[in-house]
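Hi everyone, thanks for coming. Please have a look at the sequence and the structure on the screen while I talk.

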Amino acid sequence: MVALVGLAACQILEGPVHDFPPARPSGGCGTEGLAAGLHARTLSSQGQQRSYQIFVPAGHEGPLPVVFNFHGFTSDGALQRGYSRMDVSASAHGYLAVYPEGVVGPEGTTSPFFGEGTRRFWAAGSCCGPVEDAPDDVLFFRQMRDALAAEACLDTRRVYVTGMSNGGFMAQRIACDAADVVAAAGSVTGVLGVSEDACKPSRPIPILQIFGGDDPAVPYSGETRFITGEDSFAAWGRVHGCASGPVRVWTEPRFFCEAFSGCAGDAEVQMCLLPGMGHCWPGPARKTTCSEAGTALDANDRLWSFFSRHALRD
């Protein structure tokens with residue numbers, strides 16, 4: 001693969017969106033909205049009480065974009081909030097951050113992941129919930145988005161999803177099934193959990209995947225119970241009918257990024273790999289939980305740089 005440097009790489013990874021559409025204010029823009037800070041919410045979905053947290057940054061006027069950040073298997077929304085530290089990015093860049101809560105799988109359900117006891121999960125396909133009676137978490141996402149739009153001042157053209165591990169699987173499931181309301185998707189240490197035939201987004205949706213080269217849970221290459229990160233990246237290239245690639249578009253001493261080109265609707269399909277990183281959310285302060293390799297790239301900055309270039313056009 002050819003490494004591209006200089007202006008061309010910057011245009012692909014960091015370039016602005018031309019003719020960015022005007023904001024599309026949600027119904028909540030006509031209300032008092034939400035005060036700055038953290039808000040806990042619940043809603044009923046398929047007969048279950050589901051919960052999520054909303055972080056509203058101070059000093060930013062709406063309509064604001066929003067990023068839904070899905071936790072990993074066995075984790076929860078509060079832990080993902082603390083682990084990813086996305087509030088800091090939301091405060092700096094002026095977007096809402098939402099931390100949804102997966103359901104706890106009942107004992108005795110069919111799943112290779114549960115073992116003894118119960119675990120909190122997202123029904124994202126091959127990872128990681130029960131096969132039987134799985135919740136419709138795409139529906140839950142749509143319900144959260146609608147509820148948030150009614151009480152907060154959102155730009156409904158700029159709704160984004162991301163997540164860690166099983167949450168990354170979930171973000172990609174939403175990209176397949178809810179591209180009508182999501183402008184772009186990102187995933188950290190997660191892969192596409194449904195087949196390419198089952199992934200039929202209503203429009204070509206931009207997607208960024210971030211992987212650790214030494215991830216034992218969701219490997220970038222080699223043996224795995226899922227598809228590999230490498231294969232997941234290639235799958236999105238095929239889903240979007242990309243004409244060529246991937247090619248190296250960014251090279252740093254401790255990570256690199258690749259992208260396809262000629263994709264349907266000019267959708268960006270990108271991947272960043274940190275060769276020495278394991279299963280974690282990378283960032284500059286991650287040495288204790290992510291090893292030195294995980295400090296090479298700030299996932300929050302990379303995700304927001306990607307998301308902020310994209311908005312729904314209709």
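I'll go through the aromatic pairs, then the charges over rings, one cysteine, and finally the salt bridges.

A word on the source before we start. This is a predicted model, in which local features need pLDDT of at least 70, side-chain atom pairs count only at pLDDT 80 or more, and totals for chains, interfaces and linings use all residues. Residues are numbered from 1 along each chain as its sequence is written, and side-chain values use heavy atoms, with hydrogens and water left out.

Let's begin with the rings. Rings of Phe, Tyr and Trp (for Trp, its six-membered ring) pair if their centres lie within 6.5 Å; planes under 30 degrees apart count as stacked, over 60 as edge-to-face, and the rest as tilted. How many aromatic pairs does a search of the whole structure find? The search finds 10. Take Y95 and W304: this pair is stacked, because the ring centres are 4.4 Å apart and the planes sit at 20°. Where are these two residues? Y95 is in the loop between α3 (86-93) and β4 (96-100), while W304 belongs to helix α8 (residues 299-307), so the pair ties together parts that are 209 residues apart in sequence. Helices and strands here are DSSP runs, numbered from the N terminus (helices are H or I, at least four residues; strands are E, at least two).

Are they buried or exposed? Buried means under 20% relative accessible area, exposed means over 50%, and partly exposed is in between (1.4 Å probe, protein chains only). Y95 is buried, with a relative accessible area of 1%, and W304 counts as buried at 10%.

A second stacked pair is W122 with F140, at 6.3 Å centre to centre and 15° between the planes. This pair links distant parts of the chain, 18 residues apart: W122 is in the loop between β6 (120-121) and α4 (137-151), and F140 is in helix α4. W122 is buried, with a relative accessible area of 0%, and F140 is buried, with 0% as its value.

Back to Y95 for a moment: ring pairs link Y95, Y160, W304, F306 and F307 into a cluster.

Next, charges over rings. A charge sits over a ring if NZ of Lys or CZ of Arg is within 6 Å of the ring centre and within 35 degrees of the ring normal. F140 turns up again here, with R50 over its face at 4.0 Å from the ring centre. R302 lies over the face of W250, at 5.7 Å from the ring centre.

C280 is buried, with a relative accessible area of 2%.

Finally, salt bridges: a side-chain nitrogen of Lys or Arg within 4 Å of a carboxyl oxygen of Asp or Glu. By this rule the count is 12. One of them joins the side chains of E101 and R120, at 3.8 Å from N to O. E101 is in the loop between β4 and β5 (103-104) and R120 in strand β6, so the pair ties together parts 19 residues apart in sequence. E101 is buried, with a relative accessible area of 18%, whereas R120 counts as partly exposed at 24%.

D155 and R158 form another salt bridge, with the closest N and O atoms 2.8 Å apart, and both residues are buried.
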